Amino acid sequence: MSVLIDSPRWPAHGRLWGHLVSDTSVDELHDFAVRAGLPPRAFDLDHYDYPAERYDHYVGLGAVPVGRREMVRRLAASGLRVRGADRPGP
């Protein structure tokens with residue numbers, strides 16, 4: 001039962017972004033997001049996007065740092081991963 005965080009490395013909107021996921025349940029992830037002050041618009045089907053400057057704050061709240069591959073592996077193993085092919089189109 002963990003909320004996992006990866007290092008921010010994805011550029012968009014003039015910032016770097018990372019991901020927060022749960023390897024247990026989407027409810028756990030949403031609960032963490034509320035405690036962390038993440039807006040609902042940051043949720044993207046199986047993860048929350050977060051700006052790089054908030055990384056230390058989320059780790060301080062209990063998010064567990066993992067590498068990108070470990071995050072994907074654990075998200076897939078949990079059954080919560082939404083693959084790119086399964087995402088709604090524009």
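Start by selecting Y58, which lies in helix 2. The model is a predicted one. Y58 counts as buried, at 3% relative accessibility, because the cut-off for buried is under 20%. Now show its surroundings: leaving out residues up to four places away in sequence, Y58 touches I5, L20, F32, A36, L38, Y50 and A63.

Is G60 buried or exposed? G60 is exposed, with a relative accessible area of 66%. For a distance across the chain, pick S7 as well: G60 and S7 are 53 residues apart in sequence, and their C-alpha atoms are 14 Å apart in space.

Next, select helix 1, residues 26-36, and colour E28, L29, F32, A33 and A36, the buried residues of this helix. Look down the helix axis: these buried residues fall within an arc of 135°, so they line one face of helix 1. An α-helix has 3.6 residues a turn, so residues three or four places apart point the same way. Turn to the other side of helix 1, where D27, D31, V34 and R35 are exposed.

What do the buried residues of helix 1 pack against? Their partners are strand 1 (3-5), strand 3 (15-22), strand 4 (48-51) and helix 2 (55-60). Step off the end of the helix to G37, which follows helix 1 and has a positive phi, near 80°.

Go to the loop between strand 3 and helix 1 and select D23, which lies there. Two contacts of its side chain can be displayed. One reaches the backbone nitrogen of S2 at 2.9 Å. The other is a polar contact of 3.2 Å that joins the side chains of D23 and T24.

Now show the largest nonpolar core, which has 13 residues; those that touch the most other members are L20, F32, L38, Y48, Y58 and A63. Strand 1, helix 1 and strand 4 are the elements that give two or more residues to this core. Helix 1 supplies the largest share, four residues. In soluble globular proteins, nonpolar side chains tend to be buried together.

Centre on A63, which is in contact with V3, I5, L20, F32 and Y58 when its neighbours within four places in sequence are left aside. Apart from this core lies another, of five residues, including V21, V66, M71 and L75.

Finally, zoom out to the whole chain and switch to a cartoon. The chain has three helices and five strands, running β-β-β-α-β-α-β-α from the N terminus on. Its radius of gyration is 12 Å, close to the 12 Å that the globule rule gives for 90 residues, so the chain is as compact as a globular protein of that length. The C-alpha trace spans about 30 × 30 × 25 Å along its principal axes.

The chain exposes about 5500 Å², of which carbon and sulfur atoms supply 53%. Of its 90 residues, 32% count as buried.

How values were computed:
Residues numbered from 1 in each chain as written. Predicted model: local features only at pLDDT ≥ 70, side-chain atom pairs only at ≥ 80, totals over all residues. Heavy atoms only, no water. Buried < 20%, exposed > 50% of the residue type's maximum accessible area, 1.4 Å probe, protein only. Arc of directions from axis to C-beta. Contact = heavy atoms within 4.5 Å. Core = buried A, V, L, I, M, F, W, Y, C linked by side-chain atoms within 4.5 Å. Polar contact = N/O pair within 3.5 Å; in protein donor to acceptor, adjacent residues only side chain to side chain. Rg over C-alpha atoms; globule rule 2.2 N^0.38 Å. Areas by Shrake-Rupley, 256 points an atom, 1.4 Å probe, with all protein chains shown as cover.
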